[in-house]
Amino acid sequence: MDVQVPALLPEIIFKILLLLPVDSLLRRKSVCRDWYKLITHETFVKSHLALKNKCLFYKKNDVLNTCCVNDLLLANPMSKTSIHYPLIVDEFARLVGSANGLICIVQREGISIYNPTTRICNRVYGGFVAPVRDYHVAYGFGYDSYTDDYKVVAVSKSNNKVKVYSLKTGIWKKVSDFPDAYLLEDGVFLNGCIHWLDYLPNNLPNIVSFDLLKETYSQVSHPQYDEGEKRLDLGVLGDRLCVLSSYAQKAVTDIWVMQVYGMNDSWTNSLSIMYPEDHDGWARFRQTYWMSNDGKILLRFGYRVFLYDSNNSSFTFVNETDDCQWVYNFDESLVSPIGPGISYRLRSWKLKSRMGESSSSAI
């Protein structure tokens with residue numbers, strides 16, 4: 001006697017699939033046509049992204065790896081996955097930002113927008129012609145939620161000219177010049193804006209922001225730091241902008257977190273972290289990656305990554321992350337780096353714009 005198995009309702013299948021990691025979802029796209037449509041649908045992609053499964057993307061010994069941040073809390077050493085990056089990463093390449101699971105990598109010959117989870121890559125040409133190794137261009141990468149578009153911002157340090165690349169249109173365009181500034185590092189993305197430290201002032205650097213939607217600039221007041229010689233680094237802690245103020249002589253880093261963003265910026269010195277006992281004198285805390293609800297913070301000191309517990313001021317070294325060339329955080333996602341109007345050829349891992357390269361001429 002045949003037994004008929006009742007079919008699951010579409011909404012139940014939706015909820016079940018949401019619980020799966022991206023690599024499992026990629027395999028299940030081939031189950032049937034309905035599942036393929038569901039998993040690739042914009043609503044499902046955004047719902048899965050909202051779960052915020054934090055991961056690390058790092059390069060060590062010329063091998064690129066990813067790992068889930070939750071694994072750091074459950075096991076030591078952490079579990080990792082080595083990935084085959086589809087494009088050649090030259091020695092001058094640098095990682096300039098991430099948004100919704102997409103990572104932006106600048107290389108000598110172009111820019112790559114890459115999803116480390118799905119392994120799909122978009123190669124972008126144009127912008128400014130400048131040697132990457134000389135850091136003649138400061139970059140930023142972020143997401144404009146209003147237009148549902150991912151953008152690369154390139155600021156020429158020689159003349160403050162600015163170009164913005166839109167993933168949705170596949171073209172670069174000029175915008176108004178950047179205010180007089182001296183940018184040493186690439187920007188930090190948060191809440192629709194790219195933020196840079198401007199070292200032009202003689203005393204303390206300002207924080208300059210670029211709104212991805214309005215394409216306008218603004219200035220953020222800096223915290224009231226303690227006296228003494230210090231090194232500043234801009235970052236994101238949780239969902240707020242932060243500044244790491246490091247004092248080499250005192251071997252301590254103060255983490256300032258912005259509480260109010262707008263006309264009256266407000267900062268709070270939320271944490272002071274002493275350097276690890278085995279520090280070499282030149283390293284400092286430079287990047288924050290993740291913060292738990294119970295006071296644990298994942299951050300980088302020199303070329304190593306530590307899990308810091310603010311409850312007892314203890315450090316746990318993250319295995320496999322010593323002497324890493326890159327370390328960056330991203331959200332595991334199904335978001336595609338392939339914008340409309342772009343033809344993707346799977347075999348060669350290359351992208352060719354149907355619009356041609358006429359729109360990507362250099363300044």
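A residue is called buried when its relative accessible area is under 20%, exposed when it is over 50%, and partly exposed in between. In this predicted model, phenylalanine 315 has a relative accessible area of 28% and is therefore partly exposed. Phenylalanine 306, at 5%, is buried.

A pair of aromatic rings is described by the distance of the centres and the angle of the planes. The whole structure contains 16 aromatic pairs. One of them joins tyrosine 275 and phenylalanine 301, with 5.1 Å from centre to centre and 65° between the planes, an edge-to-face arrangement. This pair connects distant parts of the chain, 26 residues apart: tyrosine 275 lies in the loop between strand 19 (266–274) and strand 20 (285–291), and phenylalanine 301 belongs to strand 21 (residues 296–301). Both tyrosine 275 and phenylalanine 301 are buried. The ring centres of phenylalanine 306 and phenylalanine 315 are 5.5 Å apart and the planes meet at 75°, so this pair is also edge-to-face. Ring pairs join Tyr275, Phe285, Phe301, Phe306, Tyr308 and Phe315 into a cluster.

A ring also faces a charge elsewhere: the charged end of lysine 250 sits over the ring of tyrosine 247, 4.3 Å from the ring centre.

Positive phi values occur in residues other than glycine. Asparagine 191 has a phi near 50° and is found in the loop between strand 12 (188–190) and strand 13 (193–198). Its relative accessible area is 62%, so asparagine 191 is exposed. Glutamate 215 has a phi of about 55° and is placed in the loop between strand 14 (206–211) and strand 15 (217–220). Glutamate 215 is buried because its relative accessible area is 18%.

Technical notes: Residues are numbered from 1 along each chain as its sequence is written. This is a predicted model: local features need pLDDT of at least 70, side-chain atom pairs count only at pLDDT 80 or more; totals for chains, interfaces and linings use all residues. Side-chain values use heavy atoms; hydrogens and water are left out. Helices (H or I, at least four residues) and strands (E, at least two) are DSSP runs, numbered from the N terminus. Buried means under 20% relative accessible area, exposed over 50%, partly exposed in between (1.4 Å probe, protein chains only). Rings of Phe, Tyr and Trp (its six-membered ring) pair if their centres lie within 6.5 Å; planes under 30 degrees apart count as stacked, over 60 as edge-to-face and the rest as tilted. A charge sits over a ring if NZ of Lys or CZ of Arg is within 6 Å of the ring centre and within 35 degrees of the ring normal.
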